[in-house]
Amino acid sequence: MLVVSLALAALVLSVLAFGVMWAWRLGPDLLGVAGYADAVISWHWMIALGLLPLLALHVWRRWPRPRS
């Protein structure tokens, strides 16, 4: 479970980093990963949308339920 948590944390940090890179015009316009090159903002959106179902599951499981 620790490895999964660290991997997800790394993906969240990369989403934040790609957003900052695009907003502040840092680094290259195109970023290539495994032979596929796309804009930094595209990587930001693709990774963020991929993490969205996991975030929704996490929030659904951890949301406090008031006792009656």
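A: Once neighbours within four places in sequence are left aside, alanine 37 is in contact with Leu31 and Gly32, where contact means heavy atoms within 4.5 Å. The model is predicted, so that local features need pLDDT of at least 70 and side-chain atom pairs count only at pLDDT 80 or more, while totals for chains, interfaces and linings use all residues. Residues are numbered from 1 along each chain as its sequence is written, and side-chain values use heavy atoms, with hydrogens and water left out.

Alanine 37 belongs to strand S2; strands (E, at least two residues) and helices (H or I, at least four) are DSSP runs, numbered from the N terminus. Between the C-alpha atoms of alanine 37 and tryptophan 60, which are 23 residues apart along the chain, the separation is 35 Å.

Helix H2 covers residues 40-62 and has 23 residues, which at 1.5 Å a residue should span 33 Å, and the 32 Å between its end C-alpha atoms agrees with this; the expected span is 1.5 Å times one less than the number of residues.

The buried residues of H2 are Val40, Trp43, His44, Ile47 and Leu51, and their packing partners are helix H1 (2-23), strand S1 (30-33) and strand S2 (36-39). Here buried means under 20% relative accessible area, exposed means over 50%, and partly exposed is in between, for a 1.4 Å probe and protein chains only. An α-helix has 3.6 residues a turn, so residues three or four places apart point the same way.

Two packed helices are described by the angle between their axes and the distance between the axes. For H1 and H2 the angle is about 145° and the axes are 9 Å apart; axes are lines fitted to C-alpha atoms, for helices over the stretch in contact, and angles run from 0 to 180 degrees between N-to-C directions. H1 passes H2 in a left-handed crossing, a term that applies if the near helix is turned anticlockwise from the far one by less than a right angle, clockwise being right-handed. Among the residues that make the contact are Leu8, Leu11, Val12, Phe18 and Trp22 of H1, and Val40, Ile41, Trp43, His44 and Leu54 of H2. The contact residues divide into 14 nonpolar, three polar and no charged, with Ala, Val, Leu, Ile, Met, Phe, Trp, Tyr, Cys and Pro counted as nonpolar, Asp, Glu, Lys and Arg as charged, and the others, Gly among them, as polar.

Not counting residues up to four places away in sequence, tryptophan 22 touches Val40 and Ile41.

Two loop residues complete the description. Arginine 25, in the loop between H1 and S1, has a phi near 55°, positive in a residue other than glycine, and is exposed at 62% relative accessibility. Alanine 34, in the loop between S1 and S2, likewise has a positive phi of about 55° although it is not a glycine, and is exposed at a relative accessible area of 83%.
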